[in-house]
Amino acid sequence: MMTGFNRKFFQWSFITAIFAWLYLPIVLLVVNSFNDSKYGHEWKGFTWKWYEKLFENEALVQAFLNSLLIAGLAATVATIIGTLMALAIHRYRFPLKGTASGMLFVVMMSPDIVLAITFLVVFIALGIQLGFWSLLIAHITFCLPFVVITVYAQLKGFDKHLLEAAQDLGASESRIFRLIILPLVFPAIIAGWLLSFTLSLDDVIISSFVTGPSFEILPIRVFSMVKVGVSPEVNVLATLLLIISLLLVTLSTLLLRRKY
Amino acid sequence: MIKPLFTFRYSVIALTLFWLGLFVLVPHVLVLIVSVLSPDPQHLVVWPLTLDSWARLFDPLYLEVFWYSLWLSGLTTLICLLLGYPFAWVLAQLPAWWRGVLLFLMIVPFWTNSLIRTYAIKLSLGNKGVVNSLLVGLGITDEPVELLYTPFAVVFGLVYVLLPFMVLPLVASFDKLDKHLLEAARDLGAGWWQRFRHVVLPLTMPGVIAGCLIVFLPAMGMFYVSDLLGGAKNLLLGNIIRNQFMVVHDWPFGAALSVALIMLMAMLLWLYFAANRRINRQGGLDDDGI
């Protein structure tokens with residue numbers, strides 16, 4: 001029988017080992033983004049030169065900006081549509097409602113590769129050229145279910161009598177939405193936006209199917225860079241993306257905590 | 001009174017149905033249709049309807065590749081479970097504050113681009129990477145071991161990228177676990193293994209299945225992980241599907257593969273809901289006797 005102390009020690013060693021394993025490769029990337037040695041096998045002194053090189057690489061910077069643009073737009077549109085969808089599913093009765101919820105569930109559960117195929121096929125069938133619009137529509141769609149469940153959870157939580165009172169006093173649906181529902185679910189809306197933004201920025205698989213030569217985004221560019229070998233610019237990109245993600249995650253955690 | 005058609009309510013409903021119909025339902029139906037059409041180099045797909053692509057799923061040549069990629073994804077899922085389960089269990093016993101902090105730390109790398117994390121693993125596993133430095137430094141091996149471009153590297157990378165997906169549902173199911181049941185089992189004289197086997201495991205089974213589901217399904221599709229870490233031989237189902245669409249231009253076969261993947265997903269989901277129902281019906285515990 002293990003003593004309490006031994007068991008505690010064992011548990012914490014296990015947790016520490018897992019976290020060391022999770023963080024070590026990322027920390028090495030960040031450290032190497034400042035390392036004068038190209039291959040990063042040893043520390044050759046602090047440098048900003050890879051950051052300079054990154055910003056000189058116009059195609060890469062453009063791809064980075066394109067990714068941020070898609071993520072920002074997709075998150076915004078997905079948040080608007082997703083909030084309205086959550087409202088429809090929570091508040092209204094309509095035909096095919098079960099099918100609609102089912103579709104959201106399918107998007108959430110399907111492996112990215114399957115979604116990627118379905119998007120590719122529908123864009124070709126509709127004659128939508130692969131590029132900006134196809135990327136935007138695909139990103140909006142795969143972000144939607146995450147906005148819907150975040151907002152829906154918040155909608156379920158609040159007092160129905162408020163809405164009934166407003167209705168009895170003659171407020172129209174759009175007025176109820178604007179003046180009561182929107183302010184009450186606002187934290188969830190922000191959280192949904194941030195989640196969508198990071199999901200969009202993180203996507204590789206779907207983007208690689210629905211992108212075209214006219215509009216290049218980061219994952220595709222990075223993929224071709226790291227496939228051939230080591231590139232210190234990727235370390236810099238990783239560091240920048242990590243900072244962006246950390247800011248967003250912290251922000252969303254703070255926002256969601258406020259309601260408790 | 002007849003309500004006008006362009007009210008707020010109807011617009012919202014119309015938008016919901018329009019978007020999900022056009023970009024989710026129709027595309028899935030289209031993929032199903034494509035899978036029974038004939039491939040054509042110029043027009044992607046042409047008539048007539050044929051089940052050739054479906055028949056090719058059972059071609060021994062492809063079956064071998066499928067089984068291998070399923071095996072890689074399955075092994076990834078198993079290792080995630082073996083690491084994630086004890087991790088979630090330990091987490092569940094910690095005070096709420098610590099649990100929150102550790103879960104947050106678990107999620108942070110999950111928000112870094114997974115392609116970049118895969119690249120990080122590629123660097124770590126290289127001949128002069130951290131892993132080999134450790135192996136040589138600790139005297140376990142004399143010279144660097146060839147780790148990259150092996151099945152080991154693919155599974156290592158997949159586990160690295162997907163572990164948080166396993167931990168989150170497990171933590172949620174441990175949260176729901178009623179600690180009094182464990183005390184009751186202890187008071188009734190159940191030993192460590194008996195408590196685990198008959199109380200903890202059945203009650204956390206929905207978390208186990210959910211975790212396995214959201215690790216296994218993406219693990220089959222992550223073609224970039226096997227591309228970067230596995231080389232040309234260690235293919236995932238995602239690589240095969242991608243090749244059909246992007247390289248060989250055999251859309252019907254690629255579509256048939258995707259539909260097969262969807263069917264597999266449906267089967268696993270059904271299993272999940274069945275397990276959940278079983279737990280709810282029995283009020284929690286398995287009744288096959290101790």
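## A bridge between the chains

A:Lys227 and B:Asp227 join their side chains in a salt bridge, at 3.5 Å from N to O. The term covers a side-chain nitrogen of Lys or Arg within 4 Å of a carboxyl oxygen of Asp or Glu. Between chain B and chain A the count is 1 salt bridge.

This is a predicted model, where local features need pLDDT of at least 70, side-chain atom pairs count only at pLDDT 80 or more, and totals for chains, interfaces and linings use all residues. Residues are numbered from 1 along each chain as its sequence is written, chains are lettered from A and ligands numbered from 1 in the order in which they are written, and side-chain values use heavy atoms, leaving out hydrogens and water.

## The interface

In chain B, 74 residues are in contact (heavy atoms within 4.5 Å) with 80 residues of chain A. Together the two chains bury about 7,300 Å². Carbon and sulfur atoms carry 84% of that. Buried area here is the accessible area (1.4 Å probe) that two parts lose on being put together, summed over both.

B:Phe8, B:Trp111 and B:Tyr119 supply 11% of the area that chain B buries against chain A.

## Helices 4 and 7 of chain B

Helix 4 of chain B spans residues 96-110, and helix 7 of chain B spans residues 151-176. Helices are DSSP runs (H or I, at least four residues), numbered from the N terminus. This pair packs at an angle of about 155°, with axes 9 Å apart. Axes are lines fitted to C-alpha atoms over the stretch in contact, and angles run from 0 to 180 degrees between N-to-C directions. Helix 4 and helix 7 of chain B are therefore roughly antiparallel (over 145 degrees). Their crossing is left-handed: the near helix is turned anticlockwise from the far one by less than a right angle.

On helix 4 of chain B, the contact residues include B:Leu103 and B:Phe110. On helix 7 of chain B, they include B:Phe165 and B:Asp175. The contact divides into 10 nonpolar, no polar and 2 charged residues. Ala, Val, Leu, Ile, Met, Phe, Trp, Tyr, Cys and Pro count as nonpolar, Asp, Glu, Lys and Arg as charged, and the others, Gly among them, as polar.

## Helices 7 and 9 of chain B

Helix 7 of chain B also packs with helix 9 of chain B, residues 192-221. The angle is about 150°, and the axes lie 8 Å apart. That makes these helices of chain B roughly antiparallel. Their crossing is right-handed, with the near helix turned clockwise.

Among the contact residues are B:Phe165 and B:Phe174 of helix 7, and B:Gly207 and B:Val215 of helix 9. By class there are 15 nonpolar, 4 polar and no charged residues.

## A link within chain A

Over all chains, the whole structure holds 6 salt bridges. One pairs the side chains of A:Glu173 and A:Arg91, at 2.9 Å from N to O. A:Glu173 belongs to helix 8 of chain A (residues 173-202), and A:Arg91 to helix 3 of chain A (residues 58-91). The two residues are 82 apart in the chain.

Helix 3 and helix 8 of chain A cross at roughly 140°, their axes coming within 8 Å. The crossing of helix 3 and helix 8 of chain A is right-handed.

Methods
Angles under 35 degrees count as roughly parallel, over 145 as roughly antiparallel, 65 to 115 as roughly perpendicular and the rest as oblique.
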